[in-house]
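Subject: A structure for you to explore

Hi there,

Here is the structure I promised to pass on to you. Have a look at it first, and then read my notes below with the model open beside them.

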Amino acid sequence: MDLTLAIFALVYVAMGVGHLPGFRLDRTGAAIVGAMVLIASGQISPAAAWAAVDYRVIGLLFGLMTVSAAFVVAGFYDSVAVKVGNLDVGPKGLLAILIAVSGAMAALLNKDVVAVAMTPIFCSICVERRLNPLPFLLGFCFAANFASAATILGSPQNMIIAETLQLSFVDFMAAAAPPAMLGLPLIWIVIVLCYRGRWTLPNAVRPSGAGATITDAPVAFNHGETIKTCVVTLAVVAAFIFSDLPHMLIALMGASVLLVSRRFASSNLLHHVNGDLLLLLFGLFVVNAALTATGLPEQVLAGLRTIGLNLHDPPSMLIIMAVLSNIVGNNPAVMLVAPFIGGTHQPEALGAAIALGTGFSSSAVIFGSLVGIIVAEECRKRGIPLGFAEFARAGLPTSILCLLMAAAWIHHIG
């Protein structure tokens with residue numbers, strides 16, 4: 001038990017910090033190494049390790065990431081980013097449009113893929129227009145995090161929640177979408193208040209990436225592949241809603257259709273699938289299963305119940321997930337609680353609490369989500385200052401307001 005606990009602690013330190021302190025071992029590496037050490041040392045048998053991996057979540061995530069990646073190679077994301085960025089509207093209007101577009105795409109597609117594809121283009125366009133990129137990139141980031149909580153498609157943690165609680169696409173959306181969508185106008189209000197008088201770049205400011213339009217050149221838009229991908233995406237969503245087939249099989253069928261193309265090599269499409277995330281989940285499934293076998297999680301849960309926190313209680317889970325996801329990250333936080341939330345009498349409310357807790361708290365700190373990290377990295381490349389304080393200035397009040405709204409909503413549906 002001591003060795004299992006030590007490895008578990010080291011793995012989750014890496015989840016929180018981003019790497020194992022003192023080593024160049026990132027989150028994915030830490031999860032895989034932790035799983036391998038646990039298997040090799042006999043803390044968990046190879047058979048138990050394989051049994052711990054939820055193939056439904058892995059298959060669903062791979063399929064949906066492939067569908068989203070198809071939009072990348074078709075140039076759809078870049079085309080949308082350029083069109084939105086070049087609209088002839090004022091800063092506040094542009095911010096509103098960007099938040100709406102980001103929210104819609106994050107809810108229907110994988111938010112991380114959307115962020116990777118569109119953030120560099122938005123950043124370059126803002127600099128070219130002499131607009132301060134910060135309010136626009138923060139609006140894009142917050143909207144992607146919040147709106148992604150609306151559907152199963154929005155993020156990996158939503159897929160884990162839906163599979164664990166056996167929630168249908170419609171049930172999940174009905175429980176989580178209303179507050180997720182209502183959070184979008186709150187983002188606009190908070191950012192407008194925080195950045196009043198700071199919408200443009202002073203003439204003296206020359207970000208280092210101001211002329212980097214060549215490195216950020218948009219992917220050429222392909223009408224045929226975009227139409228094909230849209231048709232497949234609509235078919236996948238329709239099957240989620242109207243079919244009784246497992247979500248994983250539907251997603252994998254959609255991915256299979258898109259991988260067969262006369263125009264794009266399958267390797268080009270798979271290049272945009274986040275294999276590191278799939279490996280991270282593999283590792284965490286094994287590490288969490290090894291810890292569960294020690295009986296320690298049950299003791300911790302008993303302690304939580306004594307102070308009024310119950311993993312089957314939606315309001316409690318909203319609080320737990322809001323705190324935990326900012327310590328170890330969204331996906332690891334959900335995977336930590338997933339083995340203990342089955343059998344609840346109110347799966348819709350509990351699923352909404354977990355999705356909204358992780359989604360709404362993601363914008364409180366700069367490393368609360370992968371989208372925030374992507375935005376921070378793009379700003380760093382261009383010499384645009386975006387530190388913890390600047391991020392939290394708009395992100396913290398937005399997260400708090402939306403979490404309060406989520407608490408009221410969960411009380412209503414619970």
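Predicted model: local features only at pLDDT ≥ 70, side-chain atom pairs only at ≥ 80, totals over all residues.

**Two residues with a positive phi**

You will find R130 in the loop between α7 (111-128) and α8 (133-147), and its phi is near 60°, a positive value in a residue other than glycine. Here is some background: most residues other than glycine have a negative phi.

Q166 also has a positive phi, near 55°, and Q166 is likewise not a glycine. Look for Q166 in the loop between α9 (156-165) and α10 (169-194). Q166 counts as exposed, since its relative accessible area is 70%.

**The inside**

The largest nonpolar core contains 142 residues. Which residues have the most contacts inside this core? They are Y77, M118, L281, M317 and L386. As a general point, nonpolar side chains tend to be buried together in soluble globular proteins.

Take M118 and look at what surrounds it. Leaving aside residues up to four places away in sequence, M118 touches Y77, V80, A81, M105 and F140. One of these, Y77, is also on the list of residues with the most contacts in the core.

L356 sits in helix α18 (residues 347-361) and is buried, with a relative accessible area of 0%. Again leaving aside residues up to four places away in sequence, the residues that L356 touches include A149, A176, P179, L318, L403 and W409.

C123 counts as buried, at 0% relative accessibility, and C141 is buried with a relative accessible area of 0%. How many disulfides does a search of the whole structure find? The search finds 0. In case the term is new to you, a disulfide is a covalent bond between the sulfur atoms of two cysteines.

**Salt bridges**

There are 2 salt bridges in the structure. One is formed by R56 and D54, whose closest N and O atoms are 2.9 Å apart. R56 is partly exposed, at 28% relative accessibility, whereas D54 counts as buried because its value is 16% and the cut-off for buried is under 20%.

R198 and E390 form a salt bridge as well, with 3.5 Å between the closest N and O atoms. This pair connects distant parts of the chain, 192 residues apart: R198 is in the loop between α10 and α11 (223-242), and E390 is in helix α20 (residues 388-413). R198 itself is partly exposed, with a relative accessible area of 31%.

**On the surface**

On the outside, have a look at V33, M36 and V37. Together they form a nonpolar patch on the surface, with about 240 Å² of accessible area. V33 belongs to helix α2 (residues 27-40) and is partly exposed, with a relative accessible area of 35%.

Next, find R262 in the loop between α12 (247-259) and α13 (266-270). Is R262 buried or exposed? R262 is exposed, as its relative accessible area is 90%. The C-alpha atoms of R262 and A96 are separated by 38 Å, and the two residues are 166 places apart along the chain.

Finally, go to D2 in helix α1 (residues 2-17). D2 is exposed, with a relative accessible area of 67%. How far apart are the C-alpha atoms of D2 and T294? They are separated by 9.5 Å, although D2 and T294 are 292 residues apart along the chain.

Best wishes

Terms used
Residues numbered from 1 in each chain as written. Heavy atoms only, no water. Patch = residues over 30% accessible without salt bridge, like charges linked within 9 Å, V, L, I, M, F, W, Y side chains within 5 Å. Areas by Shrake-Rupley, 256 points an atom, 1.4 Å probe, with all protein chains shown as cover. Salt bridge = Lys/Arg side-chain N within 4 Å of Asp/Glu carboxyl O. Helix = DSSP H or I, 4+ residues; strand = E, 2+ residues; numbered from the N terminus. Buried < 20%, exposed > 50% of the residue type's maximum accessible area, 1.4 Å probe, protein only. Core = buried A, V, L, I, M, F, W, Y, C linked by side-chain atoms within 4.5 Å. Contact = heavy atoms within 4.5 Å. Disulfide = S-S within 2.5 Å.
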